[in-house]
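Trainee: Hi! Please show me the model you have open, and I'll ask as we go.

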Amino acid sequence: MKKKIILQLIILSVLILTALIFRIKFPSGISAEDAQKQIENSLEANGISEYEKIDLEKYEKQAGVDLSTYISYRFFYQSDDLKIEAFISAPIDLLGKKKSPCLIYNHGGNREYGALENVETTFYAYQFHTICVATNYRGCGSSQGTDAFGGDDVRDVLHLIDLCQKLDYVDKDQINMFGVSRGGMMTYEALREDQRIHKAVVVAGVADCSMSYEERSDMQPLLQELIGGTPKQLPEEYEKRSAIAWADQINTPLLIFHTTGDDKVSIKQVDKLVEQLKKYQKDYEYVTFDSNVHGDLRKTDVEKIRKWLQ
């Protein structure tokens, strides 16, 4: 009889412990299970039925950090007539009934090179403690369509803004943007087209596409293919991708980082852009430091971005 009672107590303890594990509450008062339901329900409410939760355990081991308080999903949304791959990650304490800021991350590269995998949005959600959403522009990753390197693919970013504004846990007045390299160019173009972005950060961003063509002989065949020709053949297409040509149309506060020795995107491009931003009295801050690493950020820069986005 005693053994039976002890066994029942052990089973009851295990059941209670299991319930606690799966219903653990975070500072926002929402459990991991409820956070999962909230994200899935919000995606479905916006017509998104193709999604999957990302297992962060292996990334925890790789990075050596605790990601148990984060949640991430891969999903597909519509942009024009194309099915576009995207990702969302969030600290669980930013979910629940309250609305929180959101960061749209624009990646660099082209086609498969630089395409998002499962971890990037989690990385930025962790670094800046924010909800982070990102798109694999058309022609990148598992997205349909053709990469246009700052052409029609900018609409994939704009449609992501539309989605973020409809998510019930996102503060639509605090949707920020973060772009690196080609993603910086995409960010500038999005800011020109859309006034809904609260603040934007650009790291090693392309600001003069024609200059990139001239400086990067290794990129010339690719740019000709993606854009459709050379700067001489299609000056209007290269100008469309060059923020130095229309800096007067950027009205979002900007925080710009660029290293002095960047050999992928020269600092000369950004210096020219900053001259234009200054000329038109735009709200910006320009941070530069000695390094030859493309897209490099120091610990102090990461902290500066985190505080600036708040």
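Trainee: How are helix 4 and helix 11 set relative to each other?
Mentor: Helix 4 and helix 11 are roughly perpendicular to each other, a label for angles of 65 to 115 degrees. This is a predicted model, where local features need pLDDT of at least 70, side-chain atom pairs need 80 or more, and totals for chains, interfaces and linings use all residues. Residues are numbered from 1 along each chain as its sequence is written, and side-chain values use heavy atoms, without hydrogens or water.

Trainee: What's the crossing angle of their axes, then?
Mentor: Roughly 80°, and the axes of helix 4 and helix 11 (residues 299–309) come within 9 Å. Axes are lines fitted to C-alpha atoms over the stretch in contact, with angles from 0 to 180 degrees between N-to-C directions.

Trainee: Which residues make the contact?
Mentor: Helix 4 brings Tyr 126, Gln 127 and Phe 128, and helix 11 brings Val 302, Ile 305 and Arg 306. Contact means heavy atoms within 4.5 Å.

Trainee: Switching topic: how many salt bridges are there?
Mentor: The structure holds 20, each with a Lys or Arg side-chain nitrogen within 4 Å of an Asp or Glu carboxyl oxygen. In one of them, Arg 74 meets Glu 52 at 2.9 Å, N to O.

Trainee: Where do those two sit?
Mentor: Arg 74 is in strand 2 (residues 70–79) and Glu 52 in strand 1 (residues 51–53). They are 22 residues apart, and the pair links distant parts of the chain. Helices (H or I, at least four residues) and strands (E, at least two) are DSSP runs, numbered from the N terminus.

Conventions. Angles under 35 degrees count as roughly parallel, over 145 as roughly antiparallel, 65 to 115 as roughly perpendicular and the rest as oblique.
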